[in-house]
2 protein chains.
Amino acid sequence: MTNNLEQYTASQAVALLKEKKISVESLARSCLQRIAERESSVHAWSFIDPEHILRLAQEMDRAGPRAPLYGLPIGIKDVLLTDDMPTQYNSALYENFHPHIDASCVSLLRQAGALIFGKTETAEFASSGNLAPTRNPHDFLYTPGGSSSGSAAAVADCHVPLTIGTQTGGSMIRPASFCGVFAFKPTWGIVNPEGAKIFSPSMDTLGWFGRSVDDLVLLNNVLDPQAETMPVVSRSSARIAICKSPVWSHAEAPTKQALEQCAHQLKQDGASIIDLVLPEEFNVLAEVQKLIMLSEGRASFLAQYREDKSKLHPNICAQVENSAGYTRKQLREAYDIAAHCRSLFDAIAADFDAVLTPSTPGPAPLYTQGSGSMIFNGMWSLLHTPCVNIPVIRQAGELPLGLTVTGARFSDRHTLAAAHAIVQ
Amino acid sequence: MTNNLEQYTASQAVALLKEKKISVESLARSCLQRIAERESSVHAWSFIDPEHILRLAQEMDRAGPRAPLYGLPIGIKDVLLTDDMPTQYNSALYENFHPHIDASCVSLLRQAGALIFGKTETAEFASSGNLAPTRNPHDFLYTPGGSSSGSAAAVADCHVPLTIGTQTGGSMIRPASFCGVFAFKPTWGIVNPEGAKIFSPSMDTLGWFGRSVDDLVLLNNVLDPQAETMPVVSRSSARIAICKSPVWSHAEAPTKQALEQCAHQLKQDGASIIDLVLPEEFNVLAEVQKLIMLSEGRASFLAQYREDKSKLHPNICAQVENSAGYTRKQLREAYDIAAHCRSLFDAIAADFDAVLTPSTPGPAPLYTQGSGSMIFNGMWSLLHTPCVNIPVIRQAGELPLGLTVTGARFSDRHTLAAAHAIVQ
């Protein structure tokens, strides 16, 4: 008997665990049972050891509640180092690779009492190589999105209430949109990425997936060293900018409709809705993001390339070989454009409680067609802004879809509060 | 009998090793003998295992030459992970810490045939905590500078021909100046810092120490994925900007004199010498660098702080606790000022083959007075520019002193070529 404890959100689960209304072991067993039922179709996990998990859970039950994440199962994207589990990056070069060290965020989660549950599937090195084997839990014919494929699917399918992912282009927000879960990518620099495979150091950001905004806040409280009291954004007086973004032409009908409907409902509830057209400088940012990401990737995969390039996906080899032919002069210019637009966007965003914009062109494509487009995400990764994916309500039988709530750099708490108001 | 092989520069040693005129083992034994004679006074090494080194050396001799660093002993700053050695960060939290994983640059060095020799002493986490126990090999009463104290001293004292260090403020160029060795801090982003303790991710840069500009180029060839043919800068037609920098008031008489003499000699040899006064915007950069470094340090040491703050130096606790009271608004503004000045400096530097500027206020202070000031280095770390420390000629009995050769971002090869011309 497990009573479907795996269905609780993280916030619900930590409250029950703290009050000892459920045991760590019972929650872990519920999650493991759900995984046992679903994993052969979903393929969210690259490593999971039920015996190890139950041993840890029993130890936690004996030791008793320890705030604030006591006993909470959390999955870790398999590009982050874990002391007690292998880290394999979905790379043939790292089969059974197992250095005994925790990434910084894994240490912080353990210190907060979390139960590190296992490693979630990723695209090769969270980059453009081999796709994760993970399927969209809403329909196995479809992609869950990448590169944090397993982290998004594991939360969507109630394997665990929370997971850690990473984003350089669209690796958190895209799969969150396709899987219908909440995700938060903090401002660049707030969470220490030490122990994550580096792809693009000027943009790589750790983030997390959950099944409510409260769950995103729960981890923000632990991982942000400056987490102050949450501000309150009232839905009825919120100022929300609707930003179709310079890549609006990529938006499909469901995304257009979702943004319009969300704006309409907010307006009906009293919010001020302002159409935001970004200055022309922003039109090149999708290209600038790609140039920086692939140029920095040149150094990031050099050691793997020299080790054995036959074991690297051709797309990753192409980064090291700079097959796109980017020059360092272009990279320098790209850095300067990015920096200029960061400052510009902060000033623009200061007028609003949040900026609402698409997360993906539409719902998930078929698994055989790749992991979907990051075209709506790259700009925000480049601008370093905090991004929340909020799922929108869909008709029965339709695949999920999300919208992005963003704001100025370091407005993480305000952006989370705005997301809370928007999903009310 | 070891014939003082440890006195060879890296470039000399690799040529002799390649031609099998010396064996890897004989060079390793010479280095080990020198270390045995000097280490009890210099304290450059936090870990060294002679038996392990000799085993590796013998294997290399059996396997035969493998370009381009075959058999070359290289020391690694003890904030970088090494598969076959502990990594201790000069921190009580990491005594005997030994995860089995190589930092990216260590992998690249091994792939190039280098003999990873041992771990060099560092200030705690390459930050502002406990000083390294290392002494200046020119006079044990004096500091070698920090934070890459052991790496600079080991090269200066001929323990090994090359070492790896890191710089966030002045952690490479300052000790190079105090120890009288060459050092190179590449443009930010060129060398993958994966596996190095993160202090300030927007500025942390790996670099290396050697006993000639050629030695710096040797490693640049291996670690820079885009290393093209070296340009040639002719001393007699070089355009060199003399930059007293906005912190010139900190320069002591020997530094003033060194810069003047170097400029004078270059002029005599036909170089064009231009006095460069930077725009007013640059006056705040020393403060901006400090604000970013300490603000980013807040996240970087959070896990260690929560693990056991009693084992962290108060200066590092102060970063996590933000005792300076920096706001995130200030941090955002600091990022924007830095980005603006990066672009501005690149445009200024484009008119010159190199910019020549002080490395330190003067020679090394006494060991008991700390590891010296980074006031002349922070700005360049912030601006992401490539920096070479070149030692200047001093009177017998005087402690060493260096000057910095720098240039626009990504002018690494040109800056090294200019440094070569300047030291001729």
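**View 1. A salt bridge joins R38(A) and D157(A) in this predicted model.** The closest N and O atoms of R38(A) and D157(A) are 2.8 Å apart. A salt bridge here is a side-chain nitrogen of Lys or Arg within 4 Å of a carboxyl oxygen of Asp or Glu. The pair links distant parts of the chain, 119 residues apart. R38(A) sits in helix α2 of chain A, while D157(A) lies in the loop between α5 (149-156) and β4 of chain A. Helices (H or I, at least four residues) and strands (E, at least two) are DSSP runs, numbered from the N terminus. D157(A) counts as buried because its relative accessibility is 4%. Buried means under 20% relative accessible area, exposed over 50%, and partly exposed in between (1.4 Å probe, protein chains only). Over all chains, the structure holds 30 salt bridges.

Residues are numbered from 1 along each chain as its sequence is written, and chains are lettered from A and ligands numbered from 1 in the order in which they are written. In this predicted model, local features need pLDDT of at least 70, side-chain atom pairs count only at pLDDT 80 or more, and totals for chains, interfaces and linings use all residues; side-chain values use heavy atoms, with hydrogens and water left out.

**View 2. Helix α1 of chain A has buried residues on one face.** The helix covers residues 10-18. Its buried residues are A10(A), A13(A), V14(A), L16(A) and L17(A). Seen down the axis of α1(A), they fall within an arc of 165°, so they line one face of the helix. That arc is taken from the directions from the helix axis to the C-beta atoms. The buried residues of α1(A) pack against α2 (24-42), β4 (162-167) and α7 (213-223) of chain A. Just after α1(A), K20(A) takes a positive phi of about 60°.

**View 3. Chain A meets chain B.** In contact are 44 residues of chain A and 44 residues of chain B. Contact means heavy atoms within 4.5 Å. The two chains bury about 4200 Å² between them, 57% of it on carbon and sulfur atoms. Buried area is the accessible area (1.4 Å probe) that two parts lose on being put together, summed over both. The interface of chain A and chain B has 8 salt bridges. On the side of chain A that touches chain B, α12(A) gives the largest share, 8 residues.

**View 4. R332(A) and D346(B) form a salt bridge between chains.** Their closest N and O atoms are 3.5 Å apart. The pair runs from helix α12 of chain A to helix α12 (residues 328-349) of chain B. R332(A) is partly exposed, with a relative accessible area of 23%. D346(B) is buried, at 5%. A network of salt bridges links R332(A), D336(A), D346(B) and R409(B).

**View 5. T82(B) is a buried loop residue.** The loop runs between β2 (73-77) and α4 (104-111) of chain B. T82(B) has 0% relative accessibility. Its side chain makes a polar contact with the side chain of K119(B) (2.6 Å). A polar contact is a pair of N or O atoms within 3.5 Å; within protein, one must be able to donate a hydrogen and the other to accept it, and residues adjacent in sequence count only if both atoms are side-chain atoms. Not counting residues up to four places away in sequence, T82(B) touches residues including I76(B), H98(B), P99(B) and V106(B).
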